[in-house]
Amino acid sequence: MLAAPEARLVPPLIVAEGVTKRFGDVLALDRLSLEIGRGEFVSLLGPSGCGKSTFLRCLVGLDHTTEGVLTVGGQRVTDPPKELGLVLQRDALLEWLDVLDNVLLPAEFAGLRRAALRPKAKELLHMVGLGEFLHAWPAALSGGMRQRVAICRALLLDPPLLLMDEPFGALDALTRDQLNIDLHRIWRERGMTVVFVTHSIPEALFLSTRVAVFSPRPGRIVDDVALDLPRHRRLAVKETPEFAALARRMRGNFEAMGLIRDA
Ligand SMILES: Nc1ncnc2c1ncn2[C@@H]1O[C@H](COP(=O)(O)OP(=O)(O)OP(=O)(O)O)[C@@H](O)[C@H]1O
Ligand SMILES: [Mg+2]
């Protein structure tokens, strides 16, 4: 989809230009180019091992590109940017801290007073339905509850950019649907930019304003689709003809790459 002329005047938040990443002989990313604007919810959809996590790690400065340019907010990524929320596939909660203290962790890293952020942390936990579990230990929570805590932690400092690497991959389908709904509401209310990695076509379509499809390794973008679906998504959107057409297009990409073959 072509951007409106005025939209082109606003510089994108994230720019990847010809990004290549090698691990020794393994070429993980091959001249990948992608621009992401402020406020977009972009899913990176692609097969296992195609370089999605590698791209995200480079984006947050946990790894470096071999070639190419990667900027966030106009700055070359060198160190992990401060104003960033990160949620990974495994929730990385600290087992020796209770739920509230886990959510407050970014305050310490940012050198802020925890006490000042306690009301905010509580509000976030209430928002995701964990108001009764402020002082529970992580070990006493289900996988979906733990992932909610991880999302609250990522949102504590209101980062303008939230990066999520298959955050719901390990959850059952019902919990995943609920967290998709919750995350989408949070995005609608807060308007941050989200980059979301997933293998799931329905998840990518339900959540995103745009889906970028990765090729198998070496990763590059083979399809980039702006989704013309209502901004306020309800689960029923999955039963609409528009959603089905988009899902067919995504499946077509994977069939063309030889990754799925219909019976
Ligand atoms: N630190 C590393 N050292 C060597 N090779 C690596 C390293 N990290 C990733 N790779 C390789 O780079 C390729 C891309 O890996 P990556 O983890 O980015 O894939 P992915 O798309 O996130 O896969 P998945 O969906 O399974 O998480 C793989 O072939 C992997 O073996
Ligand atoms: Mg990965």
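Predicted model: local features only at pLDDT ≥ 70, side-chain atom pairs only at ≥ 80, totals over all residues.
Two strands pair if DSSP finds at least two bridges between them. Helices (H or I, at least four residues) and strands (E, at least two) are DSSP runs, numbered from the N terminus.

Residues are numbered from 1 along each chain as its sequence is written, while chains are lettered from A and ligands numbered from 1 in the order in which they are written.

Stay with the antiparallel sheet. Strand β1 (residues 14-23) and strand β4 (residues 67-72) run antiparallel and are joined by 5 bridges. T20 has E67 in β4 as its bridge partner.

Now the other sheet. It is open, has 6 strands in the order β6-β7-β8-β3-β9-β10, and its pairing is mixed. Its edge strands are β6 (84-87) and β10 (221-226), and each pairs on one side only. From one strand to the next, the twist averages 15°. β7 pairs with strand β8 (residues 193-198) in the parallel sense, over 5 bridges. There, D165 stands opposite V197 in β8.

Next, the domains. The chain is assigned domain 1 (5-83 + 161-256) and domain 2 (92-159); such bounds come from an automatic or database domain assignment. Their centres, taken over C-alpha atoms, are 25 Å apart. Across the boundary, 14 residues of domain 1 are in contact with 10 residues of domain 2. Contact means that the C-beta atoms of two residues, placed from the backbone, lie within 7 Å. On the side of domain 1 that touches domain 2, β7 (161-165) and α5 (173-190) each supply at least two residues. α5 gives the most, with 5 residues. By class, this side has 10 nonpolar, 1 polar and 3 charged residues. Ala, Val, Leu, Ile, Met, Phe, Trp, Tyr, Cys and Pro count as nonpolar, Asp, Glu, Lys and Arg as charged, and the others, Gly among them, as polar.

Turn to helix α2 (residues 99-109). Its axis lies 7 Å from that of α4, at an angle of about 35°. Axes are lines fitted to C-alpha atoms, for helices over the stretch in contact, and angles run from 0 to 180 degrees between N-to-C directions. In α2, V99, N102, V103, L105 and P106 meet V149, C152 and R153 in α4. That contact has 6 nonpolar, 1 polar and 1 charged residues. Buried residues of α2 include V99, N102 and V103. The buried residues of α2 pack against α3 and α4. Just after α2, G111 takes a positive phi of about 70°.

Finally, L141. This residue sits in the loop between α3 (114-127) and α4 (143-155). The cut-offs are 20 or more other C-beta atoms within 10 Å for buried, 12 or fewer for exposed, and partly exposed in between, with C-beta atoms placed from the backbone. Leaving aside neighbours within four places in sequence, L141 is in contact with F133, A136 and R146. From A110, 31 residues apart along the chain, L141 is separated by 27 Å between C-alpha atoms.
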